[in-house]
Amino acid sequence: MTEPQLGPLDYVYAPSSDVATDARWFVETLGAELVFAIESSGTRVAMVRLREDAPALLLTDHLPDDRPVFIHRVDDLAATSSALEARGWTSERTVELPPGSCTTFRAPGGLRLAIYELSRPFVIESMSGQRDF
């Protein structure tokens with residue numbers, strides 16, 4: 001592989017029309033760990049882990065369509081973004097996720113991806129165990 005390389009796939013941000021039911025299903029049926037279930041400003045997000053060595057699933061009710069977003073960690077968001085732009089990548093938007101800044105983009109066929117820089121590694125741990133629903 002040549003530069004720039006994406007880092008590990010840390011999260012799959014997945015749409016759900018019923019986050020509470022889906023989170024419960026992952027726990028009861030698949031044996032997943034419910035890391036947190038947060039409701040804020042009318043938005044629900046639940047993090048579930050199926051395995052320690054696999055990306056966490058973030059189930060949410062606020063994505064604009066039925067496509068998940070594959071979120072890869074990078075060491076330097078600005079440098080990786082610049083390198084990808086030089087290869088023809090077009091960013092959609094930059095948002096703040098709890099663990100750090102994140103830039104989204106799409107593959108030509110519509111696959112949704114994102115890169116983020118882990119600047120606040122303590123945030124996910126601080127949210128662990130929170131159950132708003």
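A: What follows starts with the charged pairs and moves on to their surroundings.

This is a predicted model. Its salt bridges come to 6 in number. Side chains of opposite charge can pair when their charged atoms come close.

Glutamate 92 sits in strand β6, which covers residues 91–97. Arginine 106 belongs to strand β7, residues 100–106, so the pair ties together parts that are 14 residues apart in sequence. The two side chains also count as making a polar contact, at 2.5 Å.

How exposed are the two partners, glutamate 92 and arginine 106? Glutamate 92 has a relative accessible area of 42%, so it is partly exposed. Arginine 106 is partly exposed too, because its value is 36%.

Now look around glutamate 92. Beyond its neighbours within four places in sequence, it is in contact with Thr104, Phe105 and Arg106. Threonine 103 is 11 residues away along the chain, yet its C-alpha atom is 7.2 Å from that of glutamate 92.

Arginine 106 leads on to another arginine. Arginine 112 touches Arg106, and it touches Phe105 as well. Arginine 112 lies in strand β8. It is buried, because its relative accessible area is 8%, and buried means under 20%. Its side chain has a polar contact of 2.7 Å with the side chain of aspartate 65. Aspartate 65 is also one of the residues that arginine 112 is in contact with, and others include Leu63, Pro64, Arg67, Pro68, Val69 and Phe70.

Leaving out residues up to four places away in sequence, it touches Tyr11, Glu33, Leu34, Val35, Phe36, Ala56, Leu57, Leu58 and Ile124.

Two further salt bridges remain. Glutamate 39 pairs with arginine 44, with the closest N and O atoms 3.3 Å apart. Glutamate 39 is partly exposed, at 37%. Arginine 44 is partly exposed as well, at 25%. Serine 41 is found in the loop between β2 and β3. Serine 41 has a positive phi of about 50°, although it is not a glycine. Most residues other than glycine have a negative phi. Serine 41 is also exposed, because its relative accessibility is 76%.

Arginine 51 and aspartate 53 form the other bridge, at 2.7 Å from N to O. Arginine 51 is exposed, at 52%. Aspartate 53 is exposed too, at 59%.

Leucine 50 lies in the loop between β3 and β4. It counts as partly exposed, because its relative accessibility is 41%. With Trp25 and Leu30, it forms a nonpolar surface patch of about 300 Å² of accessible area together.

Notes: Residues are numbered from 1 along each chain as its sequence is written. This is a predicted model: local features need pLDDT of at least 70, side-chain atom pairs count only at pLDDT 80 or more; totals for chains, interfaces and linings use all residues. Side-chain values use heavy atoms; hydrogens and water are left out. Contact means heavy atoms within 4.5 Å. Patches are made of residues with over 30% relative accessible area and no salt bridge: like charges are joined within 9 Å, nonpolar side chains (Val, Leu, Ile, Met, Phe, Trp, Tyr) within 5 Å. Accessible areas come from the Shrake-Rupley method with a 1.4 Å probe; for residues, only the protein chains shown count as cover. A salt bridge is a side-chain nitrogen of Lys or Arg within 4 Å of a carboxyl oxygen of Asp or Glu. Helices (H or I, at least four residues) and strands (E, at least two) are DSSP runs, numbered from the N terminus. Buried means under 20% relative accessible area, exposed over 50%, partly exposed in between (1.4 Å probe, protein chains only). A polar contact is a pair of N or O atoms within 3.5 Å; within protein, one must be able to donate a hydrogen and the other to accept it, and residues adjacent in sequence count only if both atoms are side-chain atoms.
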